[in-house]
Structure formats: structure tokens, C-alpha cells
Amino acid sequence: MANPKLRYLEAIPYQEDGQELVLLRDPLRISDQMLAVTPALYALMTLFDGKRTPESVRAEVESATQQPFSSEDLESILAQFDQALFLENERFEERHKALLEEFRSQSIRRSSHAGESYPNEPAELARQISDFYGDPKGAGTPGRAASPAPQALIAPHIDLRLGGPSYTHAYRVLAESETPDLFIILGTGHHGLPDLFSVSRKDFQTPLGTAATDREFADRLLDSAGNGLFKEDLAHRIEHTIEFQVIFLQHLLGNRPFKILPVLVSFSYLNFQHPTVADQHRKLFDTFLEALQRTADQSGRRICYIASVDLAHIGPRYGDAFRPEEQHIQDVRKKDQEMLNPILSGDARDFFRYVAEEEDRRRICGFSPLYTLMTLLEGRKTRLLDHSHAIMDETGSFVTFTSGVIERE
């Protein structure tokens, strides 16, 4: 076997019968398999970097543990990872290519989280979302539409089972406003995008129906921004951050016509600070924003932007060595408030500066769409509507999230 190289995988710590294990799964769902490994095997995986031969891996393990480690045992482990499509090799590339071709041939992006994060049955899903508004943590029953359409909403993308009521604070504002012509949804691309942005031309299908994508707007944006925006289309296949917003829009607007533009955004503050790639990434960022602004101005459409964001990710589930306690939650929420102050005042640069100075130690996964939105609407103030958190698992790992609105001038 060639030098084994592990793909990027999600690693989730858990316990089974008192034993500490790590669950491995493919965040892109190119593989639908999951493997449970011991901490020792998890440590061994770090040697699958594409630079070491199997023999050098085996020798390194023996040297570190002072225990025999046979070639047969290593081959068995590698065969397991290969079977699960967890290695970067020809077998994985063939599967990836087949999925890409299949997805590109489809005009509809079908729901990927129905029956998992929310009900698959339309009436049950509609009841669940209605109940979110009436939940003690929800925004309450919306009144009549009387206000101009908002310029932008900030809404969570947390699993609906854990943070559904928080969404309603943003969507109640929309319910009590005139309906925009187009919703440009800036979703967090959790798995990375070489070109920072990915626009899909596909309609989005959920149990509540099919939301039409504004293909005319998308094509004009492509003409303005240049190629590259659609080549990462596969990233939309299982990403939930746009899908969840579509569900709330469909529930709220019912039969009223509306269109969406699905945009995944993925970059770190490091993209603009790395000595060798900062200029390239800043050019990609500026080019996209200029093209988006130009296309929006020329479209004649009444547009509402939606930034689909979560904030801090803390605990063993996300790589921390400690189990969070209540004081950790309070400290992180306080840090959130400090970080959100530039958002409230409309200062994108100060927001960027805060995350950079903190070195993103709290893993703000909504940084890229928030920074994009705030740069696009530089100087526009946000009104904070809700700030919540959810406990994710038995380790106490938690996520914070927020809802907000930018009113139209």
C-alpha cells in the first residue's frame, strides 16, 4: 500500500460500557460509514499523513510503545479505513467523482437532514416550528405585517432539536414585515472551500416544498464575479446551514412567492493573514463582494440577506481537554457579547480584529458569513434579538448562537 493519508474526519468522543472511544465519520458524507476507535488507535491515525510508509508507521509505533506491532495488524487497520473511504486514494477519488457527477446532474438539492434534525412529515414539521414560536425561549406569536422588509437577518444554524426557538426571534421580524423578493442566504460552509464562496443554482427541496433559486440572479453574479463560484457545488449536498433557513422561510411564507440564492461561505481570519496566500484570498473576497453588490444593485429586487451562523464551540466534542461547567458557559457567553459589540455597531473591521486577537480559540463557526455580511453592509447596525446556548452531548460540550436583525434604511 502507498503511503497512507487520512482524509479530514469528524472525531466525536463518547463512552460505551465505561470505555472511552472516539467515533469517526465523514463530514462530507462521501462515506456513510462510521468507525469507533480506541484512544490508542486515534493517536496512531495521526501518522497517516501521506509522508510515512506503512513500515515506517509500524516502526514508529513500536519505538513509542515498546510493544510489538505486526505488519498484519497495521494492514488490517488500513484495510478498515480504506473500506470506509477514510483514506485519500484512488478508491476514494472514484467515489468522490461519481458523487460529484451525480449531484451536478440534478436540478434540485434534496433535503439531507429531514428525519434526523427535524421531522420528515410536513404536518409534523409545521407543528414543530409553530411550537418553537410559543416556546418559553421563543419569540411569541407574530403580529401582522406592517414594517418594511429587513435588510438582513442573523439566525442560528444549530440543530433544530436543540435551538429551534432561537430562530423564531429573527423570523418573527420577517413575519411582521413586507416580504422581500429574494433571500440571499449566507450559510457557513463547515468543510472548507478553496475559493471561499460557493453559489448553487439548484432549487432546495424540503418536506414543506421546493424553494426556487433565482437562477437569473445567480448567472448574472457568475458573469460579474468570474468562474469558480459553482465548481464547489458538491459542498451544498449535505450542508445544513442553508437548508434550515429554507425550512423557516417556507413555514413562514407559505404560498407567498419568494426566491433564494444559496451561498456557502468558508474561510478563517488566517486566510487574510497568511504570508503566502493572504493577497489571493483578499482578492477572492473583494471580487465576490463587489460582484454581489453590483448584481444586487442592478437586479431591481428587494433583497434580504440571511447570515446562518453559530458562535462558540466548546468542550471535548470540539477538541478541548476539559469538560465544561456552568462557569465556562457564562465566561463564553460574556466573550460572545464582547465579540458581538462590533456587529451591533456595524464595524466589520473590529469584529475581524476581535476574532483574530482571540486566535479563534472559541471556534466561531459563523465568522465567515458574519464577516461577509458586515463588510457588505459596512456601518449598518445590528439589533440583537436573542443569545442562547445548547448542550451538545454527555461531555457537556456546548454551542452558543444568536439572532439579530439589520433594519432597512
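Is R215 buried, partly exposed or exposed? I looked it up: R215 has 27% relative accessibility, so R215 counts as partly exposed. For my own reference, buried means under 20% relative accessible area, exposed means over 50%, and partly exposed is in between, with a 1.4 Å probe and protein chains only.

Before going on, I noted that this is a predicted model, where local features need pLDDT of at least 70, side-chain atom pairs count only at pLDDT 80 or more, and totals for chains, interfaces and linings use all residues. Residues are numbered from 1 along each chain as its sequence is written, and side-chain values use heavy atoms, with hydrogens and water left out.

**Entry: salt bridges**

I kept going with R215. Its side chain meets that of D203 in a salt bridge, at 3.5 Å from N to O. The rule I used is a side-chain nitrogen of Lys or Arg within 4 Å of a carboxyl oxygen of Asp or Glu. D203 sits in strand β8 (residues 203-206) and R215 in helix α7 (residues 215-225), so I wrote the pair down as a link between distant parts of the chain, 12 residues apart. Helices here are DSSP runs of H or I with at least four residues, strands are DSSP runs of E with at least two, and numbering goes from the N terminus.

How many salt bridges does a search of the whole structure find? I got 26.

One of them joins the side chains of E178 and R302, at 3.0 Å from N to O. E178 lies in the loop between α6 (160-175) and β6 (182-188), and R302 lies in the loop between α9 (278-299) and β11 (303-308), so this pair ties together parts that are 124 residues apart in sequence. I checked accessibility too: E178 is partly exposed at 41%, and R302 is partly exposed at 31%.

I also found E359 in a salt bridge with R361, where the closest N and O atoms are 3.6 Å apart. Both E359 and R361 are exposed. Then I spotted a network: D214, E216, R220 and R301 are joined by salt bridges that share partners.

**Entry: S107 and its contacts**

S107 is in the loop between α4 (90-104) and β4 (108-110). It is partly exposed, with a relative accessible area of 48%. Which residues does S107 touch, not counting residues up to four places away in sequence? I listed K202, D203 and R215, with contact meaning heavy atoms within 4.5 Å.

**Entry: a helix pair**

Next I looked at helix α11 (residues 348-357) and helix α12 (residues 367-376). Their axes come within 9 Å and cross at roughly 155°. Axes are lines fitted to C-alpha atoms, for helices over the stretch in contact, and angles run from 0 to 180 degrees between N-to-C directions. That makes α11 roughly antiparallel to α12, a label for angles over 145 degrees. On the α11 side, the contact is made by A348, F351, F352 and V355; on the α12 side, by F367, L370, Y371, M374 and T375. By class, I noted eight nonpolar residues, one polar and no charged. Nonpolar covers Ala, Val, Leu, Ile, Met, Phe, Trp, Tyr, Cys and Pro, charged covers Asp, Glu, Lys and Arg, and the others, Gly among them, are polar.

**Entry: a sheet**

I traced an open sheet of three strands in the order β1-β2-β3, with antiparallel pairing. Strands pair if DSSP finds at least two bridges between them. β1 and β3 are the edge strands, each pairing on one side only. The twist averages 30° from one strand to the next. Between β1 and β2 I noted seven bridges, and I12 stands opposite L23 in β2.

E16 is in strand β1 (residues 10-16) and is partly exposed at 42% relative accessibility.

**Entry: positive phi**

R29 has a phi near 55°, a positive value in a residue other than glycine. I found R29 in the loop between β2 (19-25) and β3 (34-37). Q66 is not a glycine either, and has a positive phi of about 60°. Q66 lies in the loop between α2 (54-65) and α3 (71-83) and counts as exposed at 63%.

Definitions and conventions:
Angles under 35 degrees count as roughly parallel, over 145 as roughly antiparallel, 65 to 115 as roughly perpendicular and the rest as oblique.
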